[in-house]
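Hi there,

Here is the model I promised to pass on to you. Have a look at it first, and my notes follow below.

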Amino acid sequence: MTAPNEVAIEARELTRRFGSFTAVDHITFDVRVGEVFGFLGANGAGKTTAIRILTGLLSPTSGTARVAGHDVYTESEWIKRRIGYMSQKFSLYEDLTIAENIRLYGGIYDLSKDAVRDRMSRMLSRLGLEQSAGTQVRALPLGWRQKLAFSVALLHEPSIVFLDEPTSGVDPITRRQFWELIYEAAARGTTVFVTTHYMDEAEYCDRISIMVAGRIGALGTPAELKQQFGVETIDELFVRLARPTAGAA
Amino acid sequence: MSAFAGLLRKEWLHIRRDRRTLLVVIFMPIIQVILFGYAIRTDVSGIRLAVVDPSPDASTLELRNRFAGTDAFRVVRVLPNAGALDPLFASGAIQEAILFDGDFGNKLARGLPARVLVVVDASEPNSGSAMESYAIGVIQSYQRDIATKGGAVTIVPEARMRFNPTRASSNLFVPGLIAFVLTIISALMTAISLTREKETGTMEILLVSPLRPLEIIVGKVLAYLVIGFVSVLLVVAEARLVFAVPLQGSLFLLLAEGLLFILTSLSLGILISSRTSSQRVAMIGALAGTMLPTILLSGFIFPIESMPWPLRLISNAVPAKWFVLIARGIMLKGVGLEYLWPQTLILLAMTVVLVGAATRSFRIRLA
C-alpha cells in the first residue's frame, strides 16, 4: 500500500492540437494513488484524447504529464509497464478462449507461467467463470466480456488502470457488479481512471472532473461539486456545464 | 410507393458517401479494359535477335538485312560461332538466334538445301511460338523472292525451343503462380488481419502494452511469412510432381528469393493496412493494389514485351514482375545469381524501401 496522498497521475497545462482544432486545452489535474477518478465529459469533449496521451498512444502538443512517476514524453516505455488499459472498443480476442486471452496478456507483460496460472484461477473463480476457461470469448454475453476484459487489464497488477467507457451498453445489474470489481481493485491500491456517460456511476467515484470543450469545467468530490454549483445531482451539474457548447449533442 | 422511393434514395446515398468504393467500381472496369486490351497481345515486337554467321557472304547479309529491316526484330549481336549464345540466352540479352550453316551461301548458290537454325527462348510459350513463326516467315519470304528471280533455292529452316522445349504452359504459369500465391497470403492476409485488430480495438491494447511497435508488426507478420514459405514449397513440389515442371536451378536460391518476395508483399500489406480502417477497404485495397498488378503486369500471363511502353514502364514498379523473372530464370533456365543479380538487387531495393515505409507508417499512427 502506498501513502494516500501520493500522486499517480499529474497533468500540467496538458494540450493536444489536431491542426487548428484543440482537442485538449491546457488541462491540469492530479489523480491520487488508490483513488477512483471519474473522467466525465460530453462526446467530443476531449476525454479519449486525454486518455490516449496519458497511456502513451498519443504525444501531447505542449504541457507536461507524469503517469506513475514517469514522464509521458520520455518514459512512455516505463509507463506502459505500469498501466492497464481497457479501450472503448472491445479489448479481448473474440476467437481465442478465455484462457488463451489470459495467457496472451500474461506473456505480453512478461509474467511467469506460474504467476499466470495462479492469477488466472483466482480471476476465474472471482468471476464465476471456472468452468468456462476453454470457451471462446465471442460466446460470452457482453456484460461478462466487459468484466473479463477489466480483470485481464489488471492481470499484471498495474498501479494505474485506465477504463474508457467500460460499461457502455451493459445492463444495470452487470454495471453494478462491474463497479464492485473497480472498488476491489481500488482497495488493493490500484488507481482507477475511468470515463463514463452514466451519471450514477459518477457518484461512485472518489473524485470527478468534467471536461467541457477540451478544458476541465469542474473538479472535486461529487459532494463538493454538488455543493459548489448548488445542484442536487451530478447529472444536473453535467447538463449545466455541457449545455452551452454541447449544441449538436 | 414513396416508402420504396425512400429506400432507393437511401441506397444511392450509401454509395455516394462511400467514395473510395465508388471510385473502384467506376475506374476498375475502365482500367481493366485498357489493361486487358493492351496486355493480351500475342504479337511481339523488338525481339532481341542474335545472328550467328560463320561465313558471311551476299546471301547471309541479305537475309540479315531483312531481319534488321522488320519492326519485329532488333539484331543485337552478330557472332562468328554459336559458342557465346548460351550465356546471352541465360541472361535474357537475346530472345532468339538465327544460326547459318557454314556453307549456307555456297549451298544456296549451287541449288542445294541450305540450312538455317532458329533458336527461340520459349520460357514464355506464347511469345516463343510467335517469335519462331516470325523468323520463319522472314526466311520464307526471302526464299520466295529469290525463287521469282529464277533461282531454284531451298532454305531449310529448323526451329529449336530453348528452356521449354515442349512449350508446356504449366512451365510458364508455375513461376507466376508462386508470385500470385505469395501476394495473396502475404499482402492480402496481412492487410486484413492488421485492419481487423484496428477494427476490433485489440490493436490499442497491444499499443498500450510494453510491446514495441516493431515487435507488434513482426509478431503479426511472422505467421504469414511462415505460411507463405510453406505454400512456396507446396507449389514447387506440386508443379514438380503433377506437371513435371523442371527445376533446373538451385532450390535454395529459389526459396531465398521467395522469402525476399514474401517480405516485399508483407510490407505492402502493412502499408495498405496503415491507410485503411476497415477490413472491407483493406481487402479492396489489397486486391487493386497488389493482386491485379500481379496478374496483369508481372508477365505472369501476358508477356510484358508485347505491352505498349506506358504499361511496360509501369510494370517495372510491380515487384512481382522481378520475382517472376527470377523464378523463371531459376526454374526454367537453371541460371543463378550470376545472371539474376540485377533483378534480385531491384527486388531487394524495393523490399528495403517498402519495409522502411511500412515501419514508418506504423510509427506515425502512434504519434
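A word on elements before the rest: helices (H or I, at least four residues) and strands (E, at least two) are DSSP runs, numbered from the N terminus. Please keep in mind that this is a predicted model, in which local features need pLDDT of at least 70 and side-chain atom pairs count only at pLDDT 80 or more, while totals for chains, interfaces and linings use all residues. Residues are numbered from 1 along each chain as its sequence is written, and chains are lettered from A and ligands numbered from 1 in the order in which they are written.

Let me start with two backbone spots in chain A. A:D110 lies in the loop that runs between α3 (98–108) and α4 (113–127) of chain A. Its phi is positive, about 65°, although A:D110 is not a glycine. Most residues other than glycine have a negative phi. A:D110 is exposed, with 10 other C-beta atoms within 10 Å. (Buried means 20 or more other C-beta atoms within 10 Å of a residue's own, exposed 12 or fewer, and partly exposed in between, with C-beta atoms placed from the backbone.) A:E165 also has a positive phi, of about 45°, and is not a glycine either. A:E165 sits in the loop between β7 (160–164) and α6 (172–187) of chain A, and counts as partly exposed with 19 C-beta neighbours inside 10 Å.

Now to chain B, which has 14 helices and five strands. Its radius of gyration, 26 Å, is well over the 21 Å that the globule rule gives for 367 residues, so chain B is more spread out than a compact globule. (The radius is taken over C-alpha atoms, and the rule is 2.2 Å times the number of residues to the power 0.38.) The C-alpha atoms of chain B fill a box of roughly 85 × 60 × 35 Å along the principal axes, and 39% of its 367 residues count as buried.

Seven residues from domain 1 of chain B and 10 residues from domain 2 of chain B make the contact, where two residues are in contact if their C-beta atoms, placed from the backbone, lie within 7 Å. On the domain 1 side, α6(B) gives the most, with three residues.

Within chain B, the axes of helix α10 (residues 251–275) and helix α13 (residues 319–333) come within 10 Å and cross at roughly 170°. (Axes are lines fitted to C-alpha atoms, for helices over the stretch in contact, and angles run from 0 to 180 degrees between N-to-C directions.) That makes α10(B) roughly antiparallel to α13(B), a label for angles over 145 degrees. The residues in contact include B:L254 and B:F261 of α10(B) and B:F323 and B:I330 of α13(B).

Finally, where do the chains meet? 12 residues of chain B are in contact with 15 residues of chain A. Helix α8 (residues 202–208) of chain B gives the most to the chain B side, with five residues.

Technical notes:
Angles under 35 degrees count as roughly parallel, over 145 as roughly antiparallel, 65 to 115 as roughly perpendicular and the rest as oblique.
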